[in-house]
Every structure is written in structure tokens, then in C-alpha cells.
Amino acid sequence: SENALAELRQKATGINLTQLDKTGLDRTESEKREGRLTLNLNGLGYGLSLYGPGLASALELEYSVAVGTTMLTGGGAYISSLIATRDFDLGYGRSKLLRWGAYAGTLYGVLSLSFLDSDDTRFAPVPSMLLTPVGAYTAYKLSDHRWFNKGEADLLAAGGLAGAFYGWAIPYLILNEDFWDEGEEYIDQEWVQICEEEKGNIDCAEGDLDCQRWNEERDCQEEAISYRGGTGTINRIYSFSMMASIPASVYLTSRLIPDRNISQGRAQLISTGGVVGIAYGLGLTFIALGDEVDNAGRIYTLSAAVGLPAGSYFAKRFTHQESYSRLRAVLITFGGVAGAFIGAAPLVMAEADNPRVWATTLIATSAAGFWAGHEMTRTRVVAGSTGLFNSERFSVQLASAGEIAAFGLSALRKSSPQHHADLKLNLLWGQF
């Protein structure tokens with residue numbers, strides 16, 4: 001086993017491999033540098049999508065100046081990230097955690113707007129601009145005690161997404177109030193009066209048909225529609241719930257990860273299992289209850305909330321005895337997609353319009369597709385074969401000398417009238 005091999009290496013070299021793994025000293029240079037490009041491109045994206053437009057909005061810049069500021073900010077952010085990562089050695093795992101920490105900071109900035117009673121939209125991006133680096137730095141400090149492998153980092157990121165979902169779902173199930181509820185609709189009579197006066201006093205140029213048509217079609221009652229009572233406690237509860245659920249879910253995921261050295265392929269399948277669990281939960285609920293049911297929103301939300309951990313759990317259980325590369329995980333996932341296509345084909349041809357039939361068929365055929373993808377990509381070890389090429393994604397094997405000799409002897413025996421069985425020899429065997 002890997003643990004026994006690690007103990008033997010430690011005895012032979014006198015080096016504590018556990019300590020090396022914690023610090024990442026036993027990693028190759030390429031492993032340590034992996035993830036830098038994505039991190040740099042992240043900086044470019046943030047400069048172009050958040051900090052550039054945010055500065056332009058806060059300073060109320062003219063259009064051309066705003067575009068130039070955005071371009072300058074994006075380029076500057078990319079160059080700054082190159083300089084900051086010159087001695088980059090975080091590897092894929094920590095770099096991904098750092099990026100997702102930044103994403104969490106951006107989301108926290110958006111959610112914090114619920115606690116700010118301001119109608120000035122100019123400064124709306126500012127909280128995200130401030131909290132994005134805080135989130136990245138927090139993730140950097142919390143992960144600096146050891147090396148994080150790819151699969152572990154992927155699962156932690158998926159745990160953060162699950163936390164955001166539950167942060168929304170839990171208040172919705174308890175309160176049955178929509179997030180960002182605009183509140184009670186009412187007609188602002190003062191605005192109606194102002195609008196009617198404008199319609200009567202507007203002076204369109206002679207022959208300006210567009211102006212005349214706009215003035216005639218202007219609906220003051222519709223313009224005066226406003227909302228009250230929607231930007232208060234409910235939105236703050238949702239925001240607080242999501243802010244609390246994300247770190248809680250990441251922590252819980254870190255405790256439930258079956259193995260810190262989990263392969264990236266298996267981690268991907270566990271995450272995919274959660275998504276499939278949501279889809280199956282919604283589908284089974286629809287089959288049982290349909291869409292004409294009281295409190296449909298809460299019932300379907302509950303089914304998704306139950307389906308996510310159930311799907312992840314079953315994926316974890318079904319994948320604990322084999323190895324999974326990332327390529328194999330993708331092939332298995334597309335097996336499920338192909339199964340759904342195959343199941344939908346006859347329904348399309350028959351022009352079936354019963355939603356329950358569709359849901360039942362797609363669940364059954366996609367599950368069969370996942371199983372077929374798993375079985376068709378299962379690693380086959382040929383006894384006595386010679387490994388020609390092996391990697392995380394592919395393995396190519398040649399027939400061994402013993403197999404070739406046995407084939408030759410069998411061929412000689414077949415030449416006699418008593419032996420007529422077909423002979424087969426796999427000279428080259430590929431698997432992925």
C-alpha cells in the first residue's frame with residue numbers, strides 16, 4: 001500500500017515524508033508552478049470586469065475615459081499579478097483555493113449591499129472591490145500550513161458552491177419569502193401628477209413623429225409603479241445566511257473528504273454526483289407530485305437540498321474501490337448525457353407531451369448511461385503484460401514474452417486435427 005511504501009522510504013532515507021508533504025518540498029518544480037496562468041488571467045478578468053468599471057462608476061467618468069480606465073486597470077492588474085507570482089510555488093491546489101477565496105470576497109461584497117441603506121448605485125461595486133483581495137488573502141493564510149492536491153482543492157471549491165446554495169435554500173424553506181423581494185407594489189400619485197404635467201407641456205418639433213408617438217403612448221400609471229417594504233430584514237437574513245453557510249460548508253467538506261490525496265477524477269465524480277442528485281431529486285418529486293401542488297417552490301427546493309448530499313454520498317461510495325483519472329470522470333459524465341439523449345430520442349419521435357414520462361425516462365436512461373460509461377472505462381490489467389506507456393490518463397501495454405511463447409505453442413498444437421479453437425493474442429493493449 002502507499003502507507004507501507006512511505007514507511008519504507010522513510011526508513012531508507014531518514015526523511016519524514018509526512019512533513020515533506022505538508023510543506024510541499026517533495027513536489028517537482030512543474031507541480032509547484034501549476035496554476036499560475038489561471039491566477040494571472042483571473043487578475044486580468046477582475047481588472048476588466050470589476051475594478052475598471054467600478055472606478056469609472058465611482059468617479060462618474062465619461063464613456064471614452066471610462067473605457068480607457070478599464071483597459072488600463074485590466075492591463076495593470078495582469079502585470080501586477082505577474083510580478084506578485086514571480087516566485088510562484090503554490091501549485092494547482094492552493095492557487096485554486098486562493099482564486100475561490102477571491103470569488104467568495106466578491107460575492108460577500110454584493111451581499112453586503114443588503115446592509116447598506118443607500119440608493120446611490122455609483123458606489124455599488126466598492127464593497128466587492130474591497131472584499132475580493134480580503135477573501136483571496138484569507139484563503140492564502142488558511143492554506144499555508146500544507147500542500148493541497150488537485151482533487152482536495154476541487155472538492156473544497158465545490159463545497160463553497162454548495163454552501164451558497166444552502167445559504168439561500170434554508171431561509172427560503174423557513175420564511176417562504178423570495179430573495180431580493182421588491183416588496184409591496186403601489187402607485188406613486190405624486191409621480192403620476194408630475195408625469196401628466198410633463199405630457200401636457202412637452203413641445204415636440206413639427207414633424208417629429210417619434211416624439212409625438214412617445215408622448216401619446218406614455219403611461220404615467222405604469223411609470224409611477226413603485227415598491228415598499230422589500231429592502232429590509234428579509235434580504236439581510238438571506239445575505240447573512242449565505243455569508244455564514246459558505247465557510248461552514250467548506251469546513252464540513254474538508255472534514256468529510258475521504259482522502260487528502262483523492263484523485264482529481266474521483267473528486268469530479270463526487271461533485272457531479274451532487275449535481276445529478278439535485279436533478280434526480282427534482283425529477284422524482286415531479287413524478288410523485290407534479291407541478292400543481294401547494295408550496296411547490298418550497299417542496300422542490302427541499303428535494304434539491306436533499307438530493308445534493310445524497311448524490312455526492314452515493315458517488316463517493318461507488319468510487320472508493322477504483323482509480324479515476326480526470327479523463328475517465330469526463331467520459332463517465334458524458335456517458336450519462338449520452339444516455340439522456342438516447343432516452344429522449346424516442347420521446348421526441350413519438351411527440352410525447354407527458355412531463356412525467358419525460359422525467360421517468362431521462363432519469364432511467366441517464367443512470368444507465370453513467371453505468372455504461374463507468375464500465376466501458378474500467379481499467380483492465382493484463383497479467384504478465386509489459387507496460388509501454390503509463391500516465392494518469394492513458395496506459396499502453398505490450399504482450400509479454402510468455403504470452404507470445406504460449407501463443408506460438410498453441411498455434412503449433414492447433415495444426416493437429418484435434419485442436420480447432422480460435423487463437424487470440426493482444427499484441428498491444430490501450431486503456432484510459
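1. Among contacts in the protein between residues at least 6 apart in sequence, what percentage join residues at least 24 apart? The share is 77%, where a contact means heavy atoms within 4.5 Å.

2. The model is predicted: local features need pLDDT of at least 70 and side-chain atom pairs count only at pLDDT 80 or more, while totals for chains, interfaces and linings use all residues. Residues are numbered from 1 along each chain as its sequence is written, and side-chain values use heavy atoms, with hydrogens and water left out.

3. Overall content: the protein has 17 helices and 5 strands. These are DSSP runs, numbered from the N terminus, with helices being H or I of at least four residues and strands E of at least two.

4. Burial and surface: 34% of the 432 residues count as buried. Buried means under 20% relative accessible area, exposed over 50%, and partly exposed in between, with a 1.4 Å probe and protein chains only. The accessible surface of the protein is about 26,500 Å², and carbon and sulfur atoms hold 61% of that surface. Accessible areas come from the Shrake-Rupley method with a 1.4 Å probe; for residues, only the protein chains shown count as cover.

5. Helix α8 spans residues 150-175, 26 residues in total, and reaches 38 Å from its first C-alpha to its last, close to the 38 Å expected at 1.5 Å a residue. The expected span is 1.5 Å times one less than the number of residues. N176 follows α8 and has a positive phi, near 55°.

6. Nonpolar patch: I170, I174, L175 and I237 make a nonpolar surface patch of about 330 Å². Patches are made of residues with over 30% relative accessible area and no salt bridge; like charges are joined within 9 Å, and nonpolar side chains (Val, Leu, Ile, Met, Phe, Trp, Tyr) within 5 Å. A salt bridge is a side-chain nitrogen of Lys or Arg within 4 Å of a carboxyl oxygen of Asp or Glu. Helix α8 gives the patch its largest share, 3 residues. I170 lies in this helix and is partly exposed, with a relative accessible area of 41%.

7. E60, in the loop between α4 (36-59) and α5 (63-84), has a positive phi near 55°. E60 is exposed, at 57% relative accessible area.

8. E351 also deserves a check: its phi is positive, about 55°, although E351 is not a glycine. E351 is found in the loop between α15 (326-349) and α16 (355-376), and is exposed with a relative accessible area of 68%.
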